[in-house]
Structure formats: structure tokens, C-alpha cells
Amino acid sequence: LMYCTGGVRCERASALLKQKIETEDDTKSLGIKGVYQLQGGIDKYFKQFPEGGLWKGKNYVFDKRFSHAPAKVEAVDRTKKVLGEDEVAKVEQVVDGIPASAADEILGACEGCSKPWDMYRGKRRCPTCGVPSLICRECFDKDKFGVKKLGRDVRCDLCITEDVRNKQQLREREEREMKEYENNIKQKLGEKYEPYMQRKHAIT
């Protein structure tokens, strides 16, 4: 299932994936039975299911909001900011039809201390790949005031999982993967046009 915020990027990505399934053996070997996309993207899904439906967590967006969630989950967040978390817990367990605890479900983690966190702030990026970093307020303030600096070892989850430790290593891997892809394409084109070239050579 392909999805994006407004249904535009996944339209292009799903078309590319379908083409790769038809033309590339390594993509065929993944065993993908079909490619589907969420019509209208996450934004339309949230409008149709304001309590969240099957959605968990928040959706990252490329503007000053940083992320957005289903309307009723965002209402809980706003209520907590106005009344305070303790007051919401004491006075009202349900806000706009959903439990206040629904807004507490955080799927991300601070890259500095690993505590649950899902807000992109401070404009810090992973020193290896350059994607925005998830850094909690405490770690951001400690770094800002020199209490505990965020070193180059504080990387995003993907770089840690793939054991990418510096930009040169990332660049070398990308170049290697691009060469492998180009060689694969050249080989397939060669196999496709080889009979034609042999016939042409035989005629001349």
C-alpha cells in the first residue's frame, strides 16, 4: 500500500513500482502481488476518519506544522496544552469522542536519550544522511547550553540500523548501488538487442 500526505507523490511512486515489477527481476523476486494506493492520501483519510481509523501516530509534513494527526487526536493535544495534562486526566477522560490517552501514543523516540518523542524541532539533522532529527526538548536544551552536546554519533534510526557512520560511507554505498543498477540495465538491454545486433552483423 503506497500513501503520502495528499496523494501526489504516491501516485508517481506506485507507477514506478509497477514498472519495476514488470521489468526488473530483483523487484519481481519480492513477491509483490499488487500495488495499491490510498486515494487522496493521508489528508483525505483523516477527514473521512477524524478519530483516526486504523492510523497510528502522526504524519510528517514539510511545513511549519512538522506533523499532523487525525482531527480528534489534534483536539486532545490542543486541550492538553490549554488545560494541562494533569487537568485533562482528572476532569475529562474523553475529548471529542476519543480517549485522552489516544494522543499519548508516541511511536517515535528521541535520538539523544531514546525517550518517546514525535516532534521535529530545532532544525537539527542527522550528521550522516541529513534527514531531520527527532530530539526532545531536554536534549535540545542541554546541547544548546553546552551541558551535553549532541555529537556525530547521534544519528537517525535508519543510519544506525544500516550501520552508516559518515557521509563518505553513505556516498560510497549510493555510488555502488547506482553502478550495480546501471550494469543491470545495460545487461538487460544487451540481452534484449543482442539478436538484432547479431542479425545486423551477419547481413553486413
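The following exercises, each with a worked solution, concern a predicted model.

**Exercise 1.** Determine which residues ring pairs link into a cluster, and describe the pairs that build it.

*Solution.* Begin with the total, for the structure holds four aromatic pairs. One of them joins Tyr-3 and Trp-55, whose ring centres lie 5.9 Å apart with 85° between the planes; because planes over 60 degrees apart count as edge-to-face, this pair is edge-to-face. Next, locate the two partners: Tyr-3 lies in the segment before α1, while Trp-55 lies in the loop between α3 and β1, so the pair ties together parts that are 52 residues apart in sequence. A further edge-to-face pair is formed by Phe-46 and Trp-55, at 5.5 Å centre to centre and 80° between the planes. Taken together, ring pairs link Tyr-3, Phe-46 and Trp-55 into a cluster.

**Exercise 2.** Decide whether Tyr-3, Phe-46 and Trp-55 are each buried, partly exposed or exposed.

*Solution.* The cut-off to apply is that buried means under 20% relative accessible area and exposed over 50%. Phe-46, at 5%, is therefore buried, and Trp-55, at 18%, is buried too. Tyr-3 has a relative accessible area of 45%, so Tyr-3 is partly exposed.

Notes: Residues numbered from 1 in each chain as written. Predicted model: local features only at pLDDT ≥ 70, side-chain atom pairs only at ≥ 80, totals over all residues. Heavy atoms only, no water. Phe/Tyr/Trp six-rings, centres within 6.5 Å; stacked < 30°, edge-to-face > 60°. Helix = DSSP H or I, 4+ residues; strand = E, 2+ residues; numbered from the N terminus. Buried < 20%, exposed > 50% of the residue type's maximum accessible area, 1.4 Å probe, protein only.
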